[in-house]
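Biologist: Could we go through the side-chain contacts in this model together?
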Amino acid sequence: MKRVQAALLPDGRRLHLHDGPIDLIIGADGEAGAIASAYHAAERRFETILDELCAELPLLRRPTGEKPLGEVARRMWQATRVLAAECFITPMAAVAGSVAEEVLASMTGAAPLARAFVNNGGDIAFHLAPGMAYDIGLVSRPDQPALFATTRLRAEDPVRGIATSGWRGRSFSLGIADAVTVLAACASQADSAATFIANAVDLPGHPAIERVPARDIQPDNDLGARLVTRGVGPLQVNEIAAALDAGVACARGCLVVGYMTAAALHLAGDTRFVGQWLGRIDAGRQGEEISGLGGGDPS
């Protein structure tokens, strides 16, 4: 049986690709022939990615240092090497965004498209031709995908990647953020920056925070004995503010080095925004045409 699975979703427009731990939702707008060519290219490239990553997995699970060989692995390395000077981080911090970015590159290289996106579990790479835009919905908790705000990303904006990280998501986190969503020039950078900032939203040693060694949950992960968050109890208002302040300081550092365009940080119902998107957040807009970042797609 073929390991990689590919099928159009019931809407007949979006493509679902699955291989082992990777699930992609892909969308494109343009001429019918161009979309077909782009989807074919996405499927062909996707078939090779997991094996490429597995071939270099021991290196990718170590702190960012030696440059790997594979295309996706090099994207992961490039996206984390600046942050590696500031904290413990491995190329795995950018794996989801890098995979999305690589598949999107195969699509846009195969055919001219008006718009396209590759959504890898909420880490999204997208393409916009001149004059095009995507409406993006933002969620404050990936496990409760209700929108708290929306923003419109336009072709002229310096953003082609979105990622969300936090202890409630699918990956391990060293911090206590419910979610940190980052907009960046590319999906791999957004992924690594979201991980970095989410780890910084923290209250070290707080008795209401449950932490366990990462290797006790998943023995072969890249964090080893480092404590990852598994539960966050009630926090005082000043404690929430202190944790978010630490994350905001980290996010501002990412802005200074040009690692991202904007971030939204969420903890216990409180939200902080950092960066250039403040003028285009619509906190009151709701509607089915907008999809959440915690697993939804742009529209």
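Predicted model: local features only at pLDDT ≥ 70, side-chain atom pairs only at ≥ 80, totals over all residues.

Biologist: Are F117 and Y134 buried or exposed?
Modeller: Both F117 and Y134 are buried. Y134 also pairs with F126: their ring centres lie 5.9 Å apart and their planes at 85 degrees, so that pair is edge-to-face. F126 is buried as well, and F117, F126 and Y134 form one aromatic cluster.

Biologist: Which charged end sits over the ring of F88?
Modeller: That of R226, at 3.5 Å from the ring centre.

Biologist: Turning to salt bridges, how many are there?
Modeller: The count is 19 salt bridges. One of them joins D19 and R3 at 2.8 Å, N to O. D19 is in strand 2 (residues 15-19), while R3 is in the segment before strand 1 (5-8), 16 residues apart.

Biologist: Why does D19 count as buried?
Modeller: Because its relative accessibility is 0%; R3, at 42%, counts as partly exposed.

Biologist: Which residues are linked in a network of salt bridges?
Modeller: R45, E52, R75, E101 and E102. Within this group, the closest N and O atoms of E102 and R75 are 2.7 Å apart. E102 lies in helix 4 (residues 95-110) and R75 in helix 3 (residues 71-80), 27 residues apart.

Notes:
Residues numbered from 1 in each chain as written. Heavy atoms only, no water. Buried < 20%, exposed > 50% of the residue type's maximum accessible area, 1.4 Å probe, protein only. Phe/Tyr/Trp six-rings, centres within 6.5 Å; stacked < 30°, edge-to-face > 60°. Lys NZ or Arg CZ within 6 Å of the ring centre and 35° of its normal. Salt bridge = Lys/Arg side-chain N within 4 Å of Asp/Glu carboxyl O. Helix = DSSP H or I, 4+ residues; strand = E, 2+ residues; numbered from the N terminus.
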